[in-house]
Amino acid sequence: MARITAGNILKVAILPGIVPRTRELMAGGFGYIAFYIAQIFWAVKLLPTGHPYLSVANFGRFGISHVTSEAWRSVVKGQRHIDQIIIFCVILVGIAILFIQFCFLGAALFTQAAHALPPLPAGGFLGTANPDNDVAFVLLDYVFGIPSDGVNHFFGSCVAQEIQCFTDSPWPIPGPSFPFAYHDGLHAMLQVYSIGLLVIAMVIFSYFAVAILLETAESGTPFGRRFNALWAPVRMVMAIALLMPIANGLNAAQYVVLYAAKWGSGFATNGWNLFVADATAPANFSILGDPKDLVAAPSTPPVNTFVQFATVLAACKIAEASGTNPRDVNAYVVFPQTMGPAGRADLVGLSYADALDRSNNGDIYYVFGVYETDSSGQPLHANYPGQVKPVCGEVALQVTDVDDAFSPGSYYMLEQYH
């Protein structure tokens, strides 16, 4: 096991093996290309049979420059050898293109991408007419923070325009100006990611370009026998185009996804607006019939249960008032979560708003019973909620959801029940 020293650590941290790795790439990675070029030159008789460059045992001991120099000595001018001259020139052009691509890749590492929005498409059914308060666009602007190009906004919500979101809501735009610092960090991270992918793609593209060139020269078939002559160039060009950084650290493929979200949201919004406009049109034009029938009517509670309870309650009250120990049965509203006298209130004169507030916006309990005290004034039924004994029964007005309880329709219905 190698001994770890301070010098080794500094070499890895400051210059992590760039020179040895580059030397290894030149010797091993380009060794394949040099070996394949030697095979092509042998096929067109620019290298003689048995040449050391054609032996697998010498793989990695020679480079591209050695092979091309050796083949240059065998090039003979004249029309009889035009095929050899063409193949040799094509190989040189391929090597030059490969070198230029690596130069461009090196320059890309020190070049800042321009931050300008790609051209925005026209409106139509895929566009959103009023994007200011579109919830989907608000969320997309908050997440991705694509800035404007000085004229157009990408999503164009109230967040990007730095205006008040939702007129009837106290939701202002928080924090500094758009885009936020979080967005700047996200864009920088995506830019590093995009450039890294592009570098890898260019290396793969260069390899396939050389491989196709060599296989074409060897087999005589355009684009070689392994590649589809129609789709291979299209796929390679599209791959590089989609990975090309455009603006704000995003590449073309990522902008395609954002445009899909933008147009998909516009399509859904316009489709829903069209449906609502047709569904709520006059009865003669509505696709669903009379618009009045589209409003859901609440179901009426069963009358027989309530009448039965009221009948039993009336009989119970009369029986309690005319017995051997008569007592008055009254209607109370009890609050089980409250102890002592504050846990009850007379139903008569108690508004629904007060009953809901004292019940902590929960179920309201109506108890028909008696509140009694002993000779010292202490309640006789202290174990019951509100100190009221429900001798004639009780009714609960259920409040299943606090938000629904305060909506205009639900509030009106519950108030009428109260």
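This is a predicted model: local features need pLDDT of at least 70, side-chain atom pairs count only at pLDDT 80 or more; totals for chains, interfaces and linings use all residues.
Me: Before we look at holes in this thing, what counts as a pocket or a cavity?
Reply: On a 1 Å grid over the protein atoms alone, a cavity is a set of points where a 1.4 Å probe fits but cannot get out. A pocket is an open set with protein on both sides within 12 Å along at least five of seven lines, and lining residues have an atom within 4 Å of a point. Points are joined across faces, edges and corners, and a volume is the space filled by probe spheres set on the points.

Me: OK, what volume does the second largest pocket have?
Reply: About 860 Å³. It is lined by 28 residues, and the closest to its centre are Pro-301, Val-395, Ala-396, Leu-397 and Tyr-417.

Me: Which elements give two or more residues to that lining?
Reply: They are α10 (303-321), β5 (364-369), β6 (394-397), α12 (402-406) and α13 (408-417). The largest share, six residues, comes from α10. Helices (H or I, at least four residues) and strands (E, at least two) are DSSP runs, numbered from the N terminus.

Me: And how does the lining of that pocket split by class?
Reply: There are 19 nonpolar, seven polar and two charged residues. Here Ala, Val, Leu, Ile, Met, Phe, Trp, Tyr, Cys and Pro count as nonpolar, Asp, Glu, Lys and Arg as charged, and the others, Gly among them, as polar.

Me: What lines the largest cavity?
Reply: Ile-33, Ile-37, Ile-64, Ile-91, Gly-94, Ile-95, Leu-98, Val-210, Leu-213 and Leu-214. Two or more residues each come from α2 (18-43), α4 (82-108) and α7 (181-219), and α4 gives the most, with four. By class, the lining has nine nonpolar, one polar and no charged residues.

Me: Switching to charges: how many salt bridges are there?
Reply: Three, a salt bridge being a side-chain nitrogen of Lys or Arg within 4 Å of a carboxyl oxygen of Asp or Glu. One of them joins Glu-70 and Arg-73, with the closest N and O atoms 2.8 Å apart.

Me: Which residues are linked in a network of salt bridges?
Reply: Glu-320, Arg-327 and Glu-372. Arg-327 meets Glu-320 at 2.8 Å, N to O, and pairs with Glu-372 at 3.5 Å. Arg-327 sits in the loop between α10 and β3 (330-334) and Glu-372 in the loop between β5 and β6, so this pair ties together parts that are 45 residues apart in sequence. Arg-327 and Glu-372 are each partly exposed, with a relative accessible area of 22%.

Me: Nice. Which residues form the nonpolar patch on the surface?
Reply: Phe-125, Leu-126, Trp-263, Phe-267 and Leu-274, with about 470 Å² of accessible area together. Patches are made of residues with over 30% relative accessible area and no salt bridge; like charges are joined within 9 Å, and nonpolar side chains (Val, Leu, Ile, Met, Phe, Trp, Tyr) within 5 Å. The areas come from the Shrake-Rupley method with a 1.4 Å probe, and for residues only the protein chains shown count as cover.

Me: Where is Trp-263?
Reply: In helix α9 (residues 252-279), and Trp-263 is partly exposed at 32%. Tyr-255 lies in helix α9 too, but is buried at 2%.

Me: Last one: what is the phi of Lys-45 and of Asn-361?
Reply: Most residues other than glycine have a negative phi. Lys-45 has a positive phi of about 65°; it is in the loop between α2 and α3 (64-72) and is exposed at 66%. Asn-361 has a positive phi of about 60°, in the loop between α11 (352-358) and β5, and is partly exposed at 27%.

Key. Residues are numbered from 1 along each chain as its sequence is written. Side-chain values use heavy atoms; hydrogens and water are left out. Buried means under 20% relative accessible area, exposed over 50%, partly exposed in between (1.4 Å probe, protein chains only).
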